[in-house]
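Here is a briefing on one protein chain.

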Amino acid sequence: MKKPLLAVKDIVQITGITSRTLHYYDRIDLFKPTHLTEKGYRLYDRSSLEKLQTILFLKEMDFSLKEIADILKLTRQEQKQILKKQSQTLLSKKQRLETILVALEDYVSGNDISHLQIFNSSSVLPLKEQYANEARFIYGETEAYNVFNETLDKLSQDEKDERFQSMEEVFKQIASCVDQHPSSDEVQRLIEEWKKILMQFMPCDTELLACIADTYKFDARFNNYFNQYSNENLADFLHSAIMHHISQS
């Protein structure tokens with residue numbers, strides 16, 4: 001015949017939680033034993049076990065212990081309404097986690113962090129918007145940056161994507177030339193092609209080109225971006241090639 005009352009060790013064996021957790025729940029008045037023996041041992045009846053299982057279920061539903069204590073005081077119907085709302089919250093978290101996992105896999109696979117679709121559903125600005133704000137902060141007072149923004153506003157998304165893809169293609173071609181000297185004819189031809197694409201967005205004087213070259217070399221994010229195209233340090237190579245182009249202008 002089964003025992004009418006369960007000891008702490010029985011509860012631990014049935015549910016998998018620790019005795020320390022049971023003691024803590026008792027201390028905060030979340031889950032009290034049904035009886036205390038003369039020696040102070042905690043005993044629980046079968047209905048108490050059902051309450052504990054409800055507590056554990058709500059904890060898995062991401063409720064805090066205080067929230068759980070409040071929920072247990074409600075009617076079954078009121079509990080259902082709260083659980084329906086929590087279901088939507090958990091669904092949003094699930095979608096968020098799926099986005100994070102995809103971004104993590106992309107990053108581990110070698111994609112640059114600037115390409116990751118991350119922060120889009122949080123209070124933190126998306127990375128592309130962070131970079132745009134950073135550029136606005138650094139270059140916002142310059143004529144070139146204003147022209148760049150005006151040009152972007154006039155382009156369709158397809159046109160923007162096409163131009164950026166063209167620039168990426170040039171970077172890939174430059175990466176294939178890292179065994180040559182940055183001043184070689186082939187590398188300089190590609191730098192000229194890169195500059196032409198850049199000038200579709202904004203006017204490029206030597207000062208701006210030098211600034212871009214320095215950003216490519218000294219900004220770790222650009223280093224990571226460019227080096228995904230090459231086993232060599234492509235960011236340094238690009239800097240040298242652009243600076244040679246400037247010196248010949």
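The count comes to 8 salt bridges, each being a side-chain nitrogen of Lys or Arg within 4 Å of a carboxyl oxygen of Asp or Glu. This is a predicted model: local features need pLDDT of at least 70, side-chain atom pairs count only at pLDDT 80 or more, and totals for chains, interfaces and linings use all residues. Residues are numbered from 1 along each chain as its sequence is written, and side-chain values use heavy atoms, with hydrogens and water left out.

**Salt bridges around Lys32**

- Side chains of opposite charge can pair when their charged atoms come close.
- A network of salt bridges links Asp26, Asp29, Lys32 and Arg42.
- Burial follows set cut-offs: buried means under 20% relative accessible area, exposed means over 50%, and partly exposed lies in between (1.4 Å probe, protein chains only).
- Asp26 is at 10% relative accessibility, so it counts as buried.
- Lys32 is at 40% relative accessibility, so it counts as partly exposed.
- Asp29 is at 55% relative accessibility, so it counts as exposed.

**The Asp62–Lys93 bridge**

- Asp62 and Lys93 form a salt bridge, with the closest N and O atoms 2.4 Å apart.
- Asp62 lies in the loop between α3 (46–60) and α4 (65–72) and Lys93 in helix α5, so the pair ties together parts that are 31 residues apart in sequence.
- Asp62 has a relative accessible area of 42% and is therefore partly exposed.
- Lys93 has a relative accessible area of 39% and is therefore partly exposed.

- Asp29 is not a glycine, yet its phi is positive, at about 65°.
- The place of Asp29 is the loop between α2 (19–27) and β2 (35–36).
- Asp62 is not a glycine either, and has a positive phi of about 80°.
- Asp62 sits in the loop between α3 and α4.

**Surface patches**

- Patches are made of residues with over 30% relative accessible area and no salt bridge; like charges are joined within 9 Å, and nonpolar side chains (Val, Leu, Ile, Met, Phe, Trp, Tyr) within 5 Å.
- Leu101, Leu104 and Val108 make a nonpolar surface patch of about 300 Å².
- Accessible areas come from the Shrake-Rupley method with a 1.4 Å probe; for residues, only the protein chains shown count as cover.
- Leu104 belongs to helix α5 (residues 76–108).
- Leu104 is at 47% relative accessibility, so it counts as partly exposed.
- Asp158, Glu159, Asp161 and Glu162 form a negative surface patch.
- For charge, Lys and Arg count as positive and Asp and Glu as negative; His and the chain ends are not counted.
- The place of a charge is taken as NZ of Lys, CZ of Arg, CG of Asp or CD of Glu.
- Asp161 lies in helix α8 (residues 157–175).
- Asp161 is at 31% relative accessibility, so it counts as partly exposed.

- Gln188 lies in helix α9 (residues 185–199).
- Gln188 is at 14% relative accessibility, so it counts as buried.
- Leaving aside neighbours within four places in sequence, Gln188 is in contact with Pro182, Ser183, Ala241, His244 and His245. Contact means heavy atoms within 4.5 Å.

**The chain as a whole**

- The secondary structure comes to 12 helices and 3 strands. Helices (H or I, at least four residues) and strands (E, at least two) are DSSP runs, numbered from the N terminus.
- The protein chain has 249 residues, and buried residues make up 31% of them.
- Of the contacts between residues at least 6 apart in sequence, 52% join residues at least 24 apart.
- The accessible surface comes to about 16,300 Å², and carbon and sulfur atoms account for 52% of it.
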